[in-house]
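Trainee: I am new to this structure and would like to go through it by question and answer.

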Amino acid sequence: RVIIPIGNSIFDSLGLAMSRSLGDFEGADYGVIAEPTTDIISLTQLDPNQEYLVILASDGLFDKVSGIEIAKEMAQSQLLTS
């Protein structure tokens, strides 16, 4: 949660549940991370006979749902559309 005080009381503030905002370098003064967390995967090491899925999501999703749960939902979705 990012809190910006606008008065003398803890109730005199603005708040937003956010920890990362890509490119928001001004928000860094208030605890916002402007640089994304990334993973680099070499595609040449993957089995070309397998299908792969990339999920792009904010950390807000992963605060509520585990990676395993997301994978199960995606697998179920693929079964329903195949």
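This is a predicted model: local features need pLDDT of at least 70, side-chain atom pairs count only at pLDDT 80 or more; totals for chains, interfaces and linings use all residues.

Mentor: Residues are numbered from 1 along each chain as its sequence is written, and side-chain values use heavy atoms, with hydrogens and water left out.

Trainee: Which pattern does the chain follow along the sequence?

Mentor: Helices (H or I, at least four residues) and strands (E, at least two) are DSSP runs numbered from the N terminus. The chain has two strands and two helices. Read along the sequence, their pattern is β-β-α-α.

Trainee: What share of the 82 residues is buried?

Mentor: Buried means under 20% relative accessible area, exposed over 50%, and partly exposed in between, with a 1.4 Å probe and protein chains only. Of the 82 residues in the chain, the buried share is 6%.

Trainee: Is Leu46 buried, partly exposed or exposed?

Mentor: Leu46 sits in the loop between strand 2 (13-16) and helix 1 (59-64). Because its relative accessible area is 30%, Leu46 counts as partly exposed.

Trainee: How many charged residues are in the lining of the largest pocket?

Mentor: Nonpolar here covers Ala, Val, Leu, Ile, Met, Phe, Trp, Tyr, Cys and Pro; charged covers Asp, Glu, Lys and Arg; the others, Gly among them, are polar. The lining has four nonpolar and two polar residues, and the number of charged ones is one.
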